[in-house]
Amino acid sequence: MVCSQCCGAHRLAEIECPPKCSWLGGLQAVADPGFTKEIPQEVWEETLDMLFEELGRGYGSSYMGTALVDFDVEEEPDDWEAEVLLSYACIALRDQSGQRFIDRFLEAHARDLSPHHVATLRVLQDSWVSLFNVVAVNEGVGLELENLIDGERWVVKENLLTSQIEVGDHLFAWIGERGDHMELTAGSILVPEAYQNAVREDLTEAIERERESQPGVQDGVIAAELAWLPVRTIKELHIERPSFLDGLDDDTVDDELHEELIG
């Protein structure tokens, strides 16, 4: 037995807590990594919804405000960029103290959540992002992706997108380890062919510059902090393509871009 003060100050740090300790609450998922393997899909979706909703209030609003500036969005983001913007605000963006929104959210709410919700948050914490080339599509099962930054290949579990994606497509997406497999974990953008080279060049150059100031940091983590860049590149090039815009009113242009980006 330990007193409540020591429990609060030293749990899972200096105290090796048993995973089934009732005082841990949702932190049981930290003591027992096995919870990551058993996350129900409905819990996964609930957790994302919970995070995104919290961005609209309290300390979350400051992260959201910064994300809107980084993505060059004056009011509401368009549908195709919204999930990437929200994922960036939750998972990648850091405040002046170096904390991310998801870190602060876990610290504040972990004990009151279920272990599966906490396990989901921890997967999201460790997720990273890159620009991927789709090498193979196994419909209803998953994708084989080639990381266009370092050339490494990943097999990821995915159901919905396999019916919408083809070999050769470029996907800017977060991936993470969910139990015994890799999975698309947060927002993604299907980069239209017309923009693929520019997005790849801009992202690669930006990561190379950032390596100098962040030695030892993985490229996927750096790319997450640059998640606004592909979106801004696409929007800038979209404006600069007169052949794409000729004869179209503004509403039609928005619809055309939306269809190219998310199908």
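Good morning. I begin with strand β4, residues 170–178, which is largely enclosed by the rest of the structure because eight of its nine residues are buried. Buried here means under 20% relative accessible area, exposed means over 50%, and partly exposed lies in between, with a 1.4 Å probe and protein chains only. Strands are DSSP runs of E of at least two residues, helices are runs of H or I of at least four, and both are numbered from the N terminus.

A word on the source: this is a predicted model, in which local features need pLDDT of at least 70 and side-chain atom pairs count only at pLDDT 80 or more, while totals for chains, interfaces and linings use all residues. Residues are numbered from 1 along each chain as its sequence is written, and side-chain values use heavy atoms, with hydrogens and water left out.

Which strands pair with β4? Strand β1 runs antiparallel to β4 and is joined to it by six bridges; β5, residues 181–191, is also antiparallel to β4, with eight bridges. Pairing requires that DSSP find at least two bridges between two strands. Asparagine 133 is opposite histidine 170 of β4, and alanine 173 has serine 188 of β5 as its bridge partner. Two residues separate β4 from β5 in a hairpin, and glycine 179 in that turn has a positive phi of about 70°.

I turn to aspartate 126, which lies in the loop between α7 (115–125) and β1 (128–138). With a relative accessible area of 61%, aspartate 126 is exposed.

Next, the salt bridges. Side chains of opposite charge can pair when their charged atoms come close. The rule asks for a side-chain nitrogen of Lys or Arg within 4 Å of a carboxyl oxygen of Asp or Glu, and the count is seven. In one of them, glutamate 183 meets arginine 178 at 2.6 Å, N to O, and both of these residues are buried. Another links arginine 100 to aspartate 103, with the closest N and O atoms 3.0 Å apart. Arginine 100 counts as buried because its relative accessible area is 11%, and aspartate 103 is likewise buried, at 18%. Aspartate 219 and arginine 211 form a further salt bridge at 2.9 Å, N to O; arginine 211 is partly exposed, at 34%.

Finally, glutamate 45 belongs to helix α3, residues 41–54, and its relative accessibility of 43% makes it partly exposed. Thank you.
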